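Let's look at how the parts of this protein meet, between chains and within one chain. Have the structure open while you read.

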Amino acid sequence: MSDIPPEKIETTFKKLDADAEKFGYHLSPDTDFVKELIEGLLINEETYGYWACPCRLADGDKADDLDIVCPCDYRDADLNEFGACYCALYVSDEIKRGDAQPEPIPDRRPSYSERKIEKAQIPVQEDEASGAEAPSGLAYPVWRCKVCGYLAARDDPPPVCPICKATKERFERFM
Amino acid sequence: MEHVDGIDKGKVVLYALSTCGWCKKTKNLLNELGVAYEVEFVDKLAGEAREACIKEVAKWNERTSFPTLVIRDEICIVGFKEEEIKEALGV
């Protein structure tokens, strides 16, 4: 299907699996399916320069696709509601144990036209994830990881989320 | 658009992403059922062809999610829904 070397897929699989287990997540027990998705992620890295979700159509503009960079902003909500993320790379304990199977689920991501409306409504200051002032009564501003909800009270968001490994630009101002 | 030979069940068009595991499952199902179909990998298209294809998919599935399967220009099935696909194809 692609020119991605099988060793690269294998190395990425082992790293993702180890990271997931370390932080309370699970990859799907269907290893062949997981490796196909990882191959898709690596193809998207070559195509777009980032890990766009293999099961969603990326726009190619990183700022517009940030919410679907794996792990996506919708993973945890989908794990809670459906037991799997949209592409079923990540699954619940129940599915991991083999007590349930992942099913196709609706896409939680707003549609293209909904995203355009949302984008127009976001105040400019929220886009600038740095140098914010602390709210009154607090020593630091608080940043929230949009992927896993991790909160960090510090001048700037951390370069990488210590929980889910999402990068700095995935943080939003929380307080 | 790539044509796959098989039993004629009317016009069957699969809009898919080349990187998507659920799209692959859907394609494999159509192959197993042995029906003739067309498949378009939308992520492989660029520029105007891509825009035109997204508009076509949106006519059937406003969210333009994948796989989107359009059967006889009548029925649209979004996602790998095995039983629904078999029923719609009458197999």
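Chain A and chain B bury about 1,700 Å² between them, with 56% of it on carbon and sulfur atoms; buried area here is the accessible area (1.4 Å probe) that two parts lose on being put together, summed over both. This is a predicted model, where local features need pLDDT of at least 70 and side-chain atom pairs count only at pLDDT 80 or more, while totals for chains, interfaces and linings use all residues. Residues are numbered from 1 along each chain as its sequence is written, chains are lettered from A and ligands numbered from 1 in the order in which they are written, and side-chain values use heavy atoms, leaving out hydrogens and water.

Chain A brings 26 residues to the contact and chain B brings 18 (contact means heavy atoms within 4.5 Å).

Now for chain A on its own.

A salt bridge puts a side-chain nitrogen of Lys or Arg within 4 Å of a carboxyl oxygen of Asp or Glu. Here are examples:

| Salt bridge | N to O distance |
|---|---|
| Arg63(B) and Glu114(A) | 3.7 Å |
| Arg170(A) and Asp73(A) | 2.9 Å |
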